[in-house]
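Thanks for asking me to look this one over. Could you keep the model open beside you while you read my notes?

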Amino acid sequence: MLSTRRLLTLLMLVGSPLFATSTWHRSCVAQESDDAAREKLIVDRFIDVLMKRPRPGTALDRVYGFHIQAGTLDQLIAGLTKQASEGDGNAGNRWMLVGLLQLQRGNDAAAAESLAKADAILAEDPMASYYLGKSLLLIGKGDAAAEALTRSIERGPDRNEALPVYTELGRLYSRSQQTDKALAVWHQLEERFPGDVRVGEQIARTLADEGQDTAALERYEKLAKQSAAGDETRIIGFQIAAAELKRRMGRGDDALQDFESLLAKLRPSSWLHADVRRRIEAGFLRSGDYAALADYYAAQVKQQPDEIELR
């Protein structure tokens with residue numbers, strides 16, 4: 001049995017701040033250990049998912065972030081590389097995962113090498129060719145990238161993955177001044193997804209971004225006609241984009257006429273009405289022609305004398 005003095009000493013220690021702090025510290029360490037183990041289990045499950053279908057996204061981000069924070073990314077890549085080099089049944093996916101991790105890290109040359117091995121093994125996976133093409137672009141190998149992206153299209157990517165593949169190849173041809181090849185890619189994409197407004201919008205936007213204004217204008221005008229009658233906001237968006245392209249092409253009068261036509265359709269209190277009016281003003285202000293802007297509004301006031309905002 002403990003003596004009375006020893007019992008009192010023990011009770012004082014248990015109640016002391018030092019004891020409480022020590023207990024709290026051990027509790028925190030145990031909690032951190034449990035959290036780390038739980039996170040490691042989740043990351044291992046994500047790796048299993050990636051081994052079946054290696055793609056960028058949440059799973060890859062979680063795996064990459066965990067191993068970067070733990071300082072074990074090199075170890076993970078080395079392990080995957082060793083397993084892939086041994087030629088197991090899943091070597092293609094391992095090489096692809098290694099390449100994606102290297103791309104995430106910014107090690108583009110090493111990623112291109114890993115993805116080239118994945119592309120050779122995964123002969124029916126269009127995305128292996130696609131990510132190889134992207135990595136080759138990053139290291140300045142445009143011709144090889146075009147071949148890889150073309151191969152990706154030939155392998156028949158599914159609907160969700162096809163659009164970025166075609167877009168990347170179209171941009172590549174456009175930026176290398178191979179306009180005919182770029183347009184051929186867009187026509188091929190349109191033929192594959194006929195009447196798809198989302199695809200048409202992506203093509204029109206990309207063409208506009210790449211400075212192919214005539215082709216972009218043609219598609220925006222076509223989209224405005226093809227869109228469902230009930231989707232008025234989208235139709236107006238296409239018409240605005242078309243008018244902006246006309247102005248960029250030096251057809252300022254045509255653009256102004258289109259914007260005025262849109263104003264007549266829109267409610268004066270709507271944000272679209274305000275946006276179109278702002279664009280009209282921007283056209284005059286961009287050229288520095290303030291007198292023309294004043295004359296324009298004076299004419300508008302005569303036509304709409306009750307419009308307070310115009311005054």
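Below are my numbered points, starting with how the model was treated.

1. Please bear in mind that this is a predicted model, where local features need pLDDT of at least 70, side-chain atom pairs count only at pLDDT 80 or more, and totals for chains, interfaces and linings use all residues. Numbering runs from 1 along each chain as its sequence is written, and side-chain values use heavy atoms, with hydrogens and water left out.

2. Let's begin with the inside. The largest nonpolar core has 64 residues, and Met96, Leu101, Leu169, Leu189 and Tyr220 have the most contacts within it. Such a core is a set of buried Ala, Val, Leu, Ile, Met, Phe, Trp, Tyr and Cys residues joined through side-chain atoms within 4.5 Å. Buried here means under 20% relative accessible area, exposed means over 50%, and partly exposed lies in between (1.4 Å probe, protein chains only). Helix 9 (residues 159-175) contributes the most to this core, with seven residues; helices (H or I, at least four residues) are DSSP runs, numbered from the N terminus. Another core, of 14 residues, lies apart from it and includes Phe259, Leu266, Leu272 and Leu293.

3. Tyr220 is worth a click. Not counting residues up to four places away in sequence, Tyr220 touches Ala204, Arg205, Phe238, Ala241, Ala242 and Leu245, where contact means heavy atoms within 4.5 Å.

4. Where does Arg55 sit? Its place is in the loop between helix 2 (17-52) and helix 3 (58-70), and it is buried, at 13% relative accessible area. Beyond its neighbours within four places in sequence, Arg55 is in contact with residues including Leu50, Leu60, Met96, Tyr131 and Glu161.

5. The whole structure holds 24 salt bridges, each a side-chain nitrogen of Lys or Arg within 4 Å of a carboxyl oxygen of Asp or Glu.

6. Arg219 is buried at 7% relative accessibility, while Glu190 is partly exposed at 22%. Arg278 pairs with Asp275 at 2.8 Å, and both lie in helix 15 (residues 271-287), three residues apart, about one turn of the helix. Asp275 and Arg278 also belong to a salt-bridge network with Glu244, Arg247 and Arg279.

7. Finally, helix 6. Its 14 residues should span 20 Å at 1.5 Å a residue, and its end C-alpha atoms are 20 Å apart, which agrees; the expected span is 1.5 Å times one less than the number of residues. Among its buried residues are Asp108, Ala111, Leu115 and Ala118. The buried residues of helix 6 pack against helix 5 (91-105), helix 7 and helix 8 (142-154).

Note on methods:
Helix = DSSP H or I, 4+ residues; strand = E, 2+ residues; numbered from the N terminus.
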